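Thanks, everyone. Let me put the structure up, and then I will walk you through the parts.

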Amino acid sequence: MTTEKLYYTDVTCKDFTARVESQQETAKGPAVALDRTAFYPTSGGQQHDVGTLNDIAVRDVWSDAEGRIWHLLEKPLDASSVRGSIDWDVRFDHMQQHSGQHLLSAGFMRFLQANTLSVHMGTAVNTVDLDLPQLSWEEAFRVEEEVNRIIQENRRVAIHLVGEEALGDFNLRREPQVCGVIRIVQIEGYDASPCGGTHTPFTGQIGLVKLTAIERYKGGIRVTFLCGMRALRDYRHALQILQQLGAQLSAGSDDFADAVARLQDEIRILRRSQQQSQETLAEIEAQQLWQAAPVHNGARRIVKHWETRSFSEIQALARKLRELPLTTAFLMVTEGENLRLICTRSDDLEKVDAGACMRTATRELGGRGGGTPTLAQGGAPLGTAEAALEVLNRVLSMEM
Ligand SMILES: [Zn+2]
């Protein structure tokens, strides 16, 4: 048996009384079915209502296969009759989103002959999926503008319960998905479609419809939108972001693009200058290391470890050391739980193979590495730096 649905759309009718017909313990908690209810069950892309039955919070509302509507309660109900109360703010928000969706779907049909394939009214945003290969913002704005004009004209939204034989009297935007008595939602002079959801009695109560995103979805187009107070809150949020950016950029929002372009230019110039400074510093450091390095069989040997330097820094240093005469170098940095190593030698020390040195050293340290005879890189798990330095010195001394 089915539950009599009370489609209240007036705030004065948000409360109702009903008899309890059935109770059951579900996996989610206790649930009751009533002989009549104003609670809307999740269906047709619309979220369920929230509210109370005898002051007990209703957490979820769904309709079973027989059309019986179940109310999931926060705790068991001990009564044969109930006072039901809908959370009107939530319901009205749902009505605004849902009515706005009807207008949007009708607008996309009128302007672009696009069918609405599915709709989703979420707790944060809503979407309609359209059978369009593409959609430009320009086209979407035309629909958005017309939809908001229909809202401002405050047209009547009428509900008709009709038999299948009377469907021909309505120019329905889509075919009904149920048989028997069909519920038709008719927006005066604009749209008629079969729907069991909750709607505002006049389009003016939708307030505003704002499209916020267009994306490709399953071969069609998904449009995200907000209605009523949600659209207002979104506008407020966007304004706050603009104000914050305005303060940070010291510019009005019309000048943001120029202000950001100027910042990007400055960053480019600074990066170039920093790169040059790093090159110069690496050159000076390489000179100092070379001067202080011990000489073995006529060649300088530089073996060093740093705890807190970036690998790219010691790469730059290695490149500079390689340019100095009769030089071998094994450099490493600690990076998290690992050592990263680089080995190089100057072009005039042909008998030293940096790649072979790296392979031998990293093998001994439990890691791996390799490269060319003049430059090689590798990594190994972090042991003690002293032990690693000892290995690197030994490997280099075997080559000379
Ligand atoms: Zn509807």
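One definition before we start. A crossing is left-handed if the near helix is turned anticlockwise from the far one by less than a right angle, and right-handed if clockwise. Keep that in mind for the helix pairs. And please note that this is a predicted model.

First, the overall picture. The protein chain has seven helices and 21 strands. Its radius of gyration is 36 Å, well over the 21 Å that the globule rule gives for 400 residues, so the chain is more spread out than a compact globule. Along the principal axes, the C-alpha atoms fill a box of roughly 105 × 55 × 40 Å.

Strand β2 covers residues 15–26, and strand β3 covers residues 29–34. They run antiparallel, joined by six bridges. Together they make a hairpin, with two residues between them. Look at Val20: opposite it, in β3, stands Leu34. β3 also pairs with strand β7, residues 69–73. That pairing is antiparallel too, over three bridges. Here Ala33 has Trp70 of β7 as its bridge partner.

Next, the four-stranded sheet. Which order do the strands take? It is β9-β10-β15-β14, an open sheet with antiparallel pairing. The edge strands are β9, 116–121, and β14, 209–217; each pairs on one side only. Neighbouring strands of this sheet are turned by 20° against each other on average, direction ignored.

Zoom in on β14 and strand β15, residues 220–227. Eight bridges join this antiparallel pair. Ala213 is bridged to Thr224 in β15. Lys210 has Leu226 of β15 as its bridge partner. The hairpin of β14 and β15 has two residues between the strands, and Lys218 takes a positive phi near 45° there.

What packs on this sheet? Helix α1, residues 88–112, does, touching β9, β10, β14 and β15. The direction of α1 makes about 160° with that of β9. Helix α2, residues 137–152, lies across β14 and β15. α2 runs at about 145° to β14.

Now helix on helix. Two packed helices are described by the angle between their axes and the distance between the axes. For α1 and α2, the axes come within 9 Å and cross at roughly 125°. Why call them oblique? Angles of 65 to 115 degrees count as roughly perpendicular and those over 145 as roughly antiparallel, and α1 and α2 are therefore oblique to each other. As for the hand, the crossing of α1 and α2 is right-handed.

Which residues meet there? From α1 we have Leu103, Leu104, Gly107, Phe108, Phe111 and Leu112. From α2 we have Glu139, Arg142, Val143, Glu146, Val147 and Ile150. By class, the residues of this contact divide into eight nonpolar, one polar and three charged.

On to the three-stranded sheet. This open sheet has the order β11-β12-β13, with antiparallel pairing. β11, 157–162, and β13, 191–194, stand at the edges. Each has a single partner strand, so one side of each is left without a neighbour in the sheet. The twist averages 20° from one strand to the next. β11 and strand β12, residues 182–187, pair in the antiparallel sense over six bridges. Within that pairing, Leu161 has Arg183 of β12 as its bridge partner. And α1 comes back here: α1 packs on this sheet, touching β11, β12 and β13. The direction of α1 makes about 75° with that of β12.

Last stop, the other helix pair. Helix α6 spans residues 354–364, and helix α7 spans residues 385–399. Their axes come within 10 Å and cross at roughly 145°. Left-handed or right-handed? The crossing of α6 and α7 is right-handed. On the α6 side, the contact is made by Cys357, Thr360, Ala361 and Glu364. On the α7 side, Val391, Leu392, Val395, Leu396 and Glu399 take part. By class, the contact of α6 with α7 has six nonpolar, one polar and two charged residues.

Technical notes:
Residues numbered from 1 in each chain as written. Predicted model: local features only at pLDDT ≥ 70, side-chain atom pairs only at ≥ 80, totals over all residues. Pairing = 2+ DSSP bridges. Axes fitted to C-alpha atoms, helices over the stretch in contact; angles between N-to-C directions. Contact = placed C-beta atoms within 7 Å. Parallel < 35°, antiparallel > 145°, perpendicular 65-115°, else oblique. Nonpolar A, V, L, I, M, F, W, Y, C, P; charged D, E, K, R; others polar. Rg over C-alpha atoms; globule rule 2.2 N^0.38 Å.
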